[in-house]
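Work through the exercises below with the coordinates open. Each task is followed by its solution.

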Amino acid sequence: MAKTMSKKQVQIRHSRHNMDYILLTVVLFLIAFGLLMIYSTSSYEAGEKMGDSAFYLKNQLKSTILGFFALAFMIKFPYKYLQKFDLIAVVVSAILLLLVLTPLGVTRNGARRWLDFKIISFQPAEVAKIGVIIYLASIIQKLEGLGKNIIRTPKGVAIVMVPPTIIAGLIYIITRNMSSAIIVMGIAVAMLFVAVPDYKWFFALAAAAGAVVFAVVMYASNADTTGSGFRLARVSAWLNPEAYSTDKAFQTLQALYAIGSGGIWGKGLGQSMQKLGFLPEAQNDMIFSIICEELGFFGAMAIILLFVILIWSCMVIANKAVDRFGSLLVVGVMSHYAIQVILNIAVVTNTIPNTGITLPFISYGGTATLFLLTEIGIVLNVSKSCK
Amino acid sequence: MKLAVMMLIILLAFAGLGARLYVLTRDNRNDYQKKILSHLDYNSKTLPFKRGSILDANGTILATSEKVYNVVLDCRVMLDDEKNEEPMLDALAQCFGLDRGELTKYVKENPTSQYYVLKKRIPYEEREVFEEYKKTYNEQARQNNVKASEEERVGIINHGIWFEEEYIRRYPNNTLACDVIGFTGTDNNGQFGLEEYYNDVLNGTNGREYGYLNDDAILERTTVAAMDGYTLVSTIDANIQAIVEKYIKQFNDEHMNEAREGLGAFDIGFIIMDCNNGNILSMASYPNYDLNNPKDLSMYYTEQQIKQMEEEDTYYKTLNELWRNFCISDTYEPGSTAKALTLATGLETGRIVGNETYECGGGLNVQDRDISCNVLSGHGTLDVSGSLEQSCNVAFMKMGEAIGAKNLLEFEKIFNIGLKTNIDLAGEARTASLVFNESTMGPVELATSSFGQGFNVTMIEMATAFSSVINGGYYYEPHVVSKIINSNGDTVKNIEPRVLKQTISSTTSEQMRQYLYAAVAQGTGRSARPAGYAIGGKTGTAEKVPRDKKHYVVSFIGFAPADDPQIVAYCVINEPNVADQPHATYATGIIKNVLTEVLPYLHITRTEEMTIAEQEELDNLLGNIVASDSQNKDGQDGDNADKDNPDADAEGGDGGDGQDADGKENEGEDRADGGGKPFYVVDPETGELIDPVTGEKAEMDYHYEGGDSEGGEGGDAQDADGAAPAEDGGT
């Protein structure tokens, strides 16, 4: 008994004192605010369709409570053990993704993205994100342990980047969920970026990506989009939303109207008009536009600031982490949040084409909330053992 | 280090997005706000007013507006959620019996249609069925949806199906008093009769429901309730009206296709007027039409004929002729009924004192023209009373000569002949050009005018002028509406009787009553007298143009009772469908039948002895009336009353409706002491409609709450009013 006690004490020697409470507070605030906004945006439609205006709120509350259990567990669960699951995490992610093809996969809202295990159902893409983070953090740390520059060799890059690419490919091919694929690739690139001292490759990559985007935009703006795939149509709709106001750009345009009409101070909480059936499923991707409408530019900036604090806290924790693995884990989570928040707001403001990325902690979505909270638990766990 | 760079990139991205947000809100605020407001439903919705009802003197509804609903489908709203389509179309098919296949087709072809009227003018009960269905269905669906996953979720019935309110005009008595009431389509624009004359009074103001933006640009909805129109309480008594219509219809049926193809006469007009205040108690003409279906000609014409009319473009002309109110819109030469006015003029001007005698040889030569009398062999020597009794044209031509053109014309004006009476009905004819003036009246015209030929009148002109002749000389403006009340039953305006002028002195009037009484008692009007009553009156048989002695307007105008006139009754038959037209008996027959029923109804008691023959005739007539109402047999003696009363008790026990039992009892009593009483379309005690078949209170309860006691009071007041001038006349 005493033996085990002493052993544990060694492992978590910096506990209790250094856990990042600012981060926890920000997350709790975001979660509470998210629930409030979900109720505000969905109550009208839920009342209409389900006869229960709190329908979405209740669902979200369930996953949030489940998420808090996961959070509490991850705070207690020593993150170092996660390193043992690095390969398993990727393999399990891949298997779960493949399971979507089996009868276990279910279709909701017209997309086959869910796995239904009767007691629990979730999107394997969300699992894959956390799986990729664990894998990358572990493998980068291991490669660095083997030699300083091994990771910079083509072979090293391949070991780091191929599994995430495969996962992203599976996500895109099996679930037709491009946004999750982008996020997985984004996380991988970001973690690699932090891990290696090089810049030029990343600049080259950014330049290449920029060129591709430019080419696509040029093509889309000149080409006749009738008959071409819906992704290209989305690009066209993005470039000229007014022209596609009835179909492709309907949602985007309605979101823009919501943002624009909110002004600096907004219409007041609960006063959105766009949520009254004009902006369909406002509690999902487009929730940020309703925040803008109800709370104005001021409220939106306050939310952005909270995310900045969240990400900043992650950066601080990553910097202070006692080991490379913990630091990289936090970098992965941090880049996950950053990518999702930035892309979501960019979509809502029509800065980039509509891809269907949710706003962490605020948008409606059970699986996402559960795993986002799990990730926060990991970060907090890392923060406990910080220097 | 690299972490700091990444953080920098992230911060830059956030800064960029923040800037983008700021630009969006700054540049597009007004634009986008307008866009949002534009798809909000702040356009207004009209709330229709309810057009006022028309009640009879007892408060019975003659015309009323009923709220009905149009079923409207808004496909766009319905397809907010595609799952809604199925349950909603199912509901439509089930509740309104619509074709499911056609609905599906329509929705498929017009998914964005927002206003599609599926069914028009359904009553509230049908709407209720749907609302009930919707409620139960939605409750189930929601219970299911709370638990169900996305695929299992079922659609609901949302507000994509809604009901547009509308009022339609209903006339519970169909043809009753059609000429007086007139009709109104859904446009609330009355045509003919009271509906047209009082159109603005009957119509209210539409309400509105509209949204507007308050100072904080938040949508607020406001409802301005509709102002319902005012209700008219008319002086028409539905029962008297029904009696009158029954007998003119009977005349028509008797003489249908007799001498020529067609109805019993071209027109039959009948007016009963309270001579002491100008209230029109009944105004009817035949042919009549169904107010609920005014464009239906099938009562009088075959389908083929109607088709032909449509082809020849005479369809609407025919309808217009049917719709016009003969009693006020059509003019004719009055004939001998005008002799009452001539005589009154003579007496009032003093040109005739009453002791004159006239020699009739069957004709008179006026300015080289032979004008014959109605009896070609001549009447011999007649005094003044005898001239009226025999309706001698020669005597009246001589009277006219004595009176002189100037006086005759002056009194024509005093009697309002050639001027509108200003009765409150639409379509009164102007007769100014149809009467003579000083420059057009020569000796021949003077001679013919004195016995009622050569100039034209309307029935209402004659009836009103005649009223003043016998009521003591008071010329009352005739009117059909006694009171205007609002939708709560409060009185907005009382229309009091208006004495416009004194036409003749009360002494002359008294004299006239005696002469006219004699004209019925011993003269040509004999056949108009209902058994047991003393009435006065004058027949009329007017030659029509061309004067080929074939086409006549026969009429009778009379008053009852003879000593204390209460009502004036006037019947005009335009060319009765008989081989030999010039007999006023066609008109007096209708008068007699009507008065036999109406006078007891008005509580005017029989004062004259009845001969055995008359008694039998009366029994026969009343027996017929009673027998024609299925429930009543020869209700004469106590036996029958006894037999009816248990019946009434049983009814009361069944329905538990005290009122019914009461009504029955009353009837029983009346029968026991009054010797049989016909059924009325309206119960005179309660003002409720009576089902003609069962004699019970009619199913459709059009009874107007506020009108009952009001109507009763009005009636009392009329009686009281009526007494005063009559007493004056007596002095």
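**Exercise 1.** In what order do the 5 strands of the open sheet in chain B lie, and is the pairing parallel or antiparallel?

Solution. The model is predicted: local features need pLDDT of at least 70, side-chain atom pairs count only at pLDDT 80 or more, and totals for chains, interfaces and linings use all residues. Residues are numbered from 1 along each chain as its sequence is written, and chains are lettered from A and ligands numbered from 1 in the order in which they are written.

- Strands are DSSP runs of E, at least two residues, and helices are runs of H or I, at least four, both numbered from the N terminus.
- Two strands pair if DSSP finds at least two bridges between them.
- The order in chain B is 12-11-25-24-23, with antiparallel pairing.

**Exercise 2.** Describe how strand 11 of chain B is joined to strand 25 of chain B.

Solution. Strand 11 (residues 265–274) and strand 25 (residues 567–576) of chain B run antiparallel and are joined by 9 bridges. B:D267 faces B:N574 of strand 25 of chain B.

**Exercise 3.** Which residues of chain B meet chain A?

Solution. Contact requires C-beta atoms, placed from the backbone, within 7 Å.

- Chain B contributes 34 residues and chain A 42 residues.
- On the chain B side, helix 1 (2–38) and helix 5 (124–147) of chain B each give two or more residues.
- Helix 1 of chain B gives the most, 22 residues.

Key. Two residues are in contact if their C-beta atoms, placed from the backbone, lie within 7 Å.
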